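Here is a walk through one structure, taken residue by residue and strand by strand. Please keep the sequence and the model in view while reading.

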Amino acid sequence: MRTVAKWCTAGLTACIWSLSFNALADDSAVLKKKLAGLRQFSAHFEQEVLDAQGKPLQKGSGEMVLQRPDHFRWEAKQPDDNLILSDGKAVWLYDPFVEQVTVMNLSQAVVNTPFLLISSTDDKIWKNYLIDQDGSAFTITSKKKDQRIESLRMVFDSQNRITRMEVNEAQGQRSEFTLSSFNTNPAIKPDTFKFSTPEGVTVDDQR
């Protein structure tokens, strides 16, 4: 009887694991389908940064523009100017205050800039993340446990627009983003996803 019980327990465990794995795979497919429907868009964002205890630390705002695959522009205006730009091959992280721009390969940058996943169609990058759906919300969690960014959560409305995003860091800090003025047919200028290094700015090329 004990042997039978062990077999039953092992079989049940395997079944639960299989169901869980299949559910996560389905959640991944649902999210990718939703993002595929967003070939391009622009939006305004309001940001609030909170510490591990939920105490507000900072507020900010800015604009974002996306065009799949792998073209992304995230421009913060408040409280400080900074720019994250992906031209399809490289990612440019520009901080005007320190007059420096860091250039990274897309696969490197997505680790600490999870928003880049929204524009990615590369399964080699997506395979490094687990996706869990809860209604209209999707939580993307890195399979690697030593990452600074622990998870990214996205919330969609009934028209397949992203309305909220939340970035959770390993040390407990959280950034919440509320999106508005969501436009799925923006007028994208030719230089939207091109970075020209301003005179006097130091380039840290990590590619």
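Ser175 has a relative accessibility of 10% and therefore counts as buried; buried here means under 20% relative accessible area, exposed means over 50%, and partly exposed lies in between, with a 1.4 Å probe and protein chains only. This serine belongs to strand 11. Helices (H or I, at least four residues) and strands (E, at least two) are DSSP runs, numbered from the N terminus. Leaving aside residues up to four places away in sequence, Ser175 touches Gln47, Glu48, Val49, Met165, Glu166 and Val167, where contact means heavy atoms within 4.5 Å.

The model is a predicted one, in which local features need pLDDT of at least 70 and side-chain atom pairs count only at pLDDT 80 or more, while totals for chains, interfaces and linings use all residues. Residues are numbered from 1 along each chain as its sequence is written, and side-chain values use heavy atoms, with hydrogens and water left out.

Thr178 of strand 11 is the bridge partner of Arg164.

Strand 11 covers residues 174-183 and also holds Ser181. Is Ser181 buried or exposed? Ser181 counts as exposed because its relative accessibility is 61%. Its phi is positive, about 50°, although this residue is not a glycine.

Another positive phi in a residue other than glycine is found at Asn160, near 65°. Asn160 sits in the loop between strand 9 (149-156) and strand 10 (162-169). With a relative accessible area of 18%, Asn160 is buried.

Now to the interior. A nonpolar core is a set of buried Ala, Val, Leu, Ile, Met, Phe, Trp, Tyr and Cys residues joined through side-chain atoms within 4.5 Å. The largest such core has 37 residues, of which Leu31, Trp74, Ile140, Met154, Ile162, Met165 and Leu179 touch the most other members. Strand 9 supplies the largest share of this core, four residues. A second, separate core has nine residues, including Leu83, Tyr94, Phe195 and Val201.

Not counting residues up to four places away in sequence, Trp74 touches Phe45, Glu63, Met64, Asn82, Leu83, Ile84, Phe115, Met165 and Phe177.

Some of these contacts involve aromatic rings. Rings of Phe, Tyr and Trp (its six-membered ring) pair if their centres lie within 6.5 Å; planes under 30 degrees apart count as stacked, over 60 as edge-to-face and the rest as tilted. By this rule there are 10 aromatic pairs. Trp74 and Phe115 make a stacked pair, 4.4 Å centre to centre with 15° between the planes. Because Trp74 lies in strand 3 and Phe115 in the loop between helix 2 (106-109) and helix 3 (123-126), this pair ties together parts that are 41 residues apart in sequence. Both residues, Trp74 and Phe115, are buried.

Trp74 and Phe177 form an edge-to-face pair, at 5.3 Å centre to centre and 80° between the planes. Phe177 lies in strand 11 and Trp74 in strand 3, so their pair ties together parts that are 103 residues apart in sequence. Phe177 counts as buried, at 3% relative accessibility. One aromatic cluster is formed by Phe45, Phe72, Trp74, Phe115 and Phe177.

The loops on either side of strand 3 (71-78) remain. Pro69 lies in the loop between strand 2 (56-67) and strand 3, and the peptide bond from Arg68 to Pro69 is cis, with omega near 0°. Pro79 lies in the loop between strand 3 and strand 4 (82-87), and a cis peptide bond with omega of about -5° joins Gln78 to Pro79.

How values were computed
Two strands pair if DSSP finds at least two bridges between them.
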